[in-house]
Amino acid sequence: MEGKYNNIHISKDGIAPDDTYNNFDLKFQNFKGPWTTTLKTTFGKFAYKVANDGFVVYNTGDEYKYGYGLSVNYNLDKINNIKVSFERDKFEEDNNDAYSNIYVLSYLRAF
């Protein structure tokens, strides 16, 4: 299990409105033989976010509320890998709730 707390404060001196954004990231992973299962979630207010150890600015102006995802990874052998994943985010757009869904099927071969 991995957990992260992110806090971003935007001051009035910038071009963005003065505000503070707090969000929490949680990730659970299970390793069993060639299988790796990952469940992750993020919740809290974020229009600006720390993601993958970097600073992300969403240029849509939408305010994200939460997100979650599930991925299953299978190592066929030492150099071949297949992964299936799904992610869903909830955000506000024009004062209405909106959702983003991402589906990924990937194959990786190391050389």
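# Notebook: strands, rings and salt bridges

I began with burial: 24% of the chain's 111 residues count as buried. I note that this is a predicted model.

**Overall layout.** I listed the secondary structure and found 8 strands and 0 helices. Along the sequence the pattern reads β-β-β-β-β-β-β-β. I then turned to contacts between residues at least 6 apart in sequence. Of these, 34% join residues at least 24 apart.

**Strand E3 and its partners.** I picked E3, residues 35-46, as my way in. Which strands does E3 pair with? Strand E2, residues 19-32, runs antiparallel to E3, with 10 bridges between them. Strand E6, residues 63-75, is also antiparallel to E3 and is joined to E3 by 10 bridges. I looked up one position on each side. Thr37 in E3 has Asn30 opposite. Thr38 has Ser71 in E6 as its bridge partner. I also checked the link from E2 to E3. The two strands form a hairpin with 2 residues between them. In that turn, Gly33 has a positive phi of about 60°.

**Phe43.** I stayed in E3, where Phe43 lies. I listed its contacts, leaving out residues up to four places away in sequence. Phe43 touches Asn23, Phe24, Leu26, Lys65 and Tyr66. Asn23 is 20 residues from Phe43 in sequence, yet the C-alpha atoms are 5.5 Å apart. Phe43 also forms one aromatic cluster with Tyr5 and Phe24.

**Aromatic pairs.** I counted 5 aromatic pairs. One of them is Trp35 with Tyr74, a tilted pair with centres 4.6 Å apart and 50° between the planes. Trp35 is in strand E3 and Tyr74 in strand E6, so this pair ties together parts 39 residues apart in sequence. Trp35 is partly exposed at 44%, and Tyr74 is partly exposed at 26%. Then I looked at Tyr66 and Tyr68. Their ring centres are 6.5 Å apart and their planes meet at 15°, so the pair is stacked. Tyr66 is partly exposed at 31% relative accessibility. Tyr68 is partly exposed too, at 38%.

**Salt bridges.** How many salt bridges are there? The count comes to 3. I took them in turn.

- Glu87 and Lys40 meet at 3.2 Å, N to O. Glu87 lies in strand E7, residues 80-93, and Lys40 in E3, so the bridge ties together parts 47 residues apart in sequence. Glu87 is partly exposed at 28%, and Lys40 is partly exposed at 37%.
- Glu92 and Lys65 have their closest N and O atoms 3.7 Å apart. Glu92 is in E7 and Lys65 in E6, so this pair ties together parts 27 residues apart in sequence. Glu92 is partly exposed at 29%, and Lys65 is partly exposed at 26%.
- Asp97 and Lys90 meet at 3.4 Å, N to O. Asp97 is partly exposed at 48%.

Why does Lys90 count as buried? Buried means under 20% relative accessible area. Lys90 has 16% relative accessibility, so Lys90 counts as buried.

**Back to Lys65.** Lys65 touches Phe43, and Lys65 forms the salt bridge with Glu92.

Technical notes
Residues are numbered from 1 along each chain as its sequence is written. This is a predicted model: local features need pLDDT of at least 70, side-chain atom pairs count only at pLDDT 80 or more; totals for chains, interfaces and linings use all residues. Side-chain values use heavy atoms; hydrogens and water are left out. Helices (H or I, at least four residues) and strands (E, at least two) are DSSP runs, numbered from the N terminus. Contact means heavy atoms within 4.5 Å. Two strands pair if DSSP finds at least two bridges between them. Rings of Phe, Tyr and Trp (its six-membered ring) pair if their centres lie within 6.5 Å; planes under 30 degrees apart count as stacked, over 60 as edge-to-face and the rest as tilted. Buried means under 20% relative accessible area, exposed over 50%, partly exposed in between (1.4 Å probe, protein chains only). A salt bridge is a side-chain nitrogen of Lys or Arg within 4 Å of a carboxyl oxygen of Asp or Glu.
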